[in-house]
Amino acid sequence: MSGHGAPTLELSSVAAGGLRGVIVASSWHEVVMNGLIDGARRGLEQAGLSGEVIRVPGSFELPVACARLAPGHDFLVALGVVIRGGTPHFDHVCQAATMGITRVGVDTGTPIGFGVLTCDTEEQALARAGLPDSLEDKGFEAAQAAILTAVTLAGAGR
């Protein structure tokens, strides 16, 4: 499983106090997306934060939404799921989402938690969605990564 060896990260609400973030989530694969969003919300709540959820049609649209939202926020959490099909569409969408989100983060200096699942099967996506029977909670992990990075950068004098 991909989560093997993941760091254990602790975040207090004191450290994250005052940070402003938003969850940007695609709409495809509703069950998986609901799990990812719930996990991201738990991540924010654990840090004593709340954040609006902005929905876009799919993972391909995540970079442009992140680009528009980054200037007004201390961090973003980008969530999506792309499941391999029988055409190269999977490769194009995964590459565009990954490179686009990376570019937005680097260009703006705004931490973006990357919670875009790129899976071969729906079962793999469900295993990572943070649902009661899931093995992993990638929405929570993405939120935690974004918040911890924002806290680190704030302490480094961004």
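Mentor: The UniProt record, an unreviewed entry, places the feature "binding site" at Trp-28, Ser-59, Phe-60, Glu-61, Val-81, Val-82, Ile-83 and Phe-114. UniProt annotations may be inferred rather than shown by experiment. This is a predicted model, in which local features need pLDDT of at least 70, side-chain atom pairs count only at pLDDT 80 or more, and totals for chains, interfaces and linings use all residues. Residues are numbered from 1 along each chain as its sequence is written, and side-chain values use heavy atoms, with hydrogens and water left out.

Trainee: Why is Glu-61 called partly exposed?

Mentor: Buried means under 20% relative accessible area, exposed over 50%, and partly exposed in between (1.4 Å probe, protein chains only). Glu-61 has 28% relative accessibility, so Glu-61 counts as partly exposed.

Trainee: Where is Glu-61 placed?

Mentor: Glu-61 is in the loop between strand S2 (51–56) and helix H3 (62–69); helices (H or I, at least four residues) and strands (E, at least two) are DSSP runs, numbered from the N terminus.

Trainee: What makes Val-81 count as buried?

Mentor: The relative accessibility of Val-81 is 3%, and therefore Val-81 counts as buried. Val-81 lies in strand S3 (residues 75–83).

Trainee: Which strand runs parallel to S3, and how many bridges join the two?

Mentor: S4 runs parallel to S3, with eight bridges between them; two strands pair if DSSP finds at least two bridges between them. Six of the eight residues of S4 (residues 112–119) are buried, and Thr-118 in S4 stands opposite Val-82.
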